[in-house]
Amino acid sequence: MTHISCRGVTVKFGGIVACSELALSVEEGKIYGLIGPNGAGKTTLFNVLSRFQNCDSGSVYYRGQCIDRKRPHEMVRLGISRTFQNINLFSEQSTLDNILVGAHRLAGNPFANIFALPSVRKTQRALLSRAHDVAELLRLENHLDIPVRNLPYGHQKRVELARALASEPEVILLDEPVAGCNSQEVAELKDFVRMINRELGITVLLVEHDMSMVMEVCDYIYVINFGSNLAEGTPAEISRDPKVITAYLGEEE
């Protein structure tokens, strides 16, 4: 079953073509990588897939249904969540509060919240339980009352991942999940990505410059260059592809 896909995606910013006829298909239950040199169009495509960016032509599909008219908040309701290249948390708020923000789609009827109906208390308990479960999963349970600005950088990355998981997604889009992390933090985040895929069954599509992360974690990789599809295949196939070596990995002397 194809979870999320796109065909013929073209995005132009004035005279600059950021994406040109891009296509990819993400199958259910796997980890996919999207790589390419700086300026290749990776983040633009990510924004198109999560509906933060419209495309000039082409379409995005979720479970075979065109979702070109969807807004970002509607994507969460469909079962798609994402993280961002730069940490985008409420820095003065606690870890728990930041995780709870991600669970808003599970909050139920807004009118019940307004009138403080009995169902609201039940929902609030369920949301807190979900937040605590996610925090424990990512080993954040001892940091729930701490403002995220006081957490180490790697823990802040975990909080952002936890917030995305709190909405109970079927697909999660990770934009450079280990950017800026030290070697220990990278190793921990690799394990967390594997865990949410293998144990929770969540499909993952990630953009990442850390090639060790991509090659060790991904089942399948798409490579783009100058906004166009360059190559695709397993990590072993991509690491041997002459076009990829030339455009991205660098040639041996």
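Mentor: Two strands count as paired here if DSSP finds at least two bridges between them, and helices (H or I, at least four residues) and strands (E, at least two) are DSSP runs, numbered from the N terminus. This is a predicted model, in which local features need pLDDT of at least 70 and side-chain atom pairs count only at pLDDT 80 or more, while totals for chains, interfaces and linings use all residues. Residues are numbered from 1 along each chain as its sequence is written, and side-chain values use heavy atoms, with hydrogens and water left out.

Trainee: Thanks! Which residue in strand 4 is the bridge partner of S5?

Mentor: Begin with the two strands: strand 1 (residues 2–13) and strand 4 run antiparallel and are joined by five bridges. Within strand 4, the bridge partner of S5 is Y61.

Trainee: Which residue takes a positive phi in the hairpin of strand 4 and strand 5?

Mentor: Strand 4 and strand 5 (residues 65–66) also run antiparallel, with two bridges joining them. Y62 stands opposite Q65 in strand 5. The hairpin has two residues between the strands, and the positive phi, near 50°, belongs to R63.

Trainee: Now the open sheet: what is the order of its six strands?

Mentor: The pairing in this sheet is mixed. Reading across its six strands, the order is 6-7-8-3-9-10.

Trainee: Which strands stand at the edges?

Mentor: Each edge strand has a single partner strand, so one side of each is left without a neighbour in the sheet. From one strand to the next the twist averages 20°, with axes fitted as lines to C-alpha atoms (for helices over the stretch in contact) and angles running from 0 to 180 degrees between N-to-C directions. The edge positions go to strand 6 and strand 10 (228–233).

Trainee: At about what angle does helix 7 run to strand 8?

Mentor: Helix 7 (residues 183–198) lies across strand 3 (31–35), strand 7 and strand 8 (203–207). Its angle to strand 8 is about 150°.

Trainee: How many residues of helix 1 are buried?

Mentor: The buried ones are K42, T44, L45, F46, V48 and L49. After the helix comes R51, with a positive phi near 70°. Helix 1 is mostly covered, the buried share of its eight residues being six.

Trainee: What is the angle between the planes of F52 and F84?

Mentor: Rings of Phe, Tyr and Trp (its six-membered ring) pair if their centres lie within 6.5 Å, with planes under 30 degrees apart counted as stacked, over 60 as edge-to-face and the rest as tilted. By this rule there are four aromatic pairs. F52 and F84 form an edge-to-face pair, 5.6 Å centre to centre, and the angle between their planes is 85°.

Trainee: How many residues apart in sequence are the parts that this pair ties together?

Mentor: F52 is partly exposed at 46% relative accessible area, and F84 is partly exposed at 23%. F52 lies in the loop between helix 1 (42–49) and strand 4 (57–62), and F84 in the loop between strand 6 (80–82) and helix 3 (95–102). The pair therefore ties together parts whose separation in residues is 32.

Trainee: Which residues do ring pairs link into a cluster?

Mentor: Here the linking is done by ring pairs. The members of the cluster are Y32, Y220 and Y222.

Trainee: Last one: how far from C6 is the nearest cysteine sulfur?

Mentor: A disulfide is a pair of cysteine sulfur atoms within 2.5 Å, and the count comes to zero. C6 is in no disulfide, and the nearest cysteine sulfur, that of C55, is away by 8.4 Å.

Technical notes:
Buried means under 20% relative accessible area, exposed over 50%, partly exposed in between (1.4 Å probe, protein chains only). Contact means heavy atoms within 4.5 Å.
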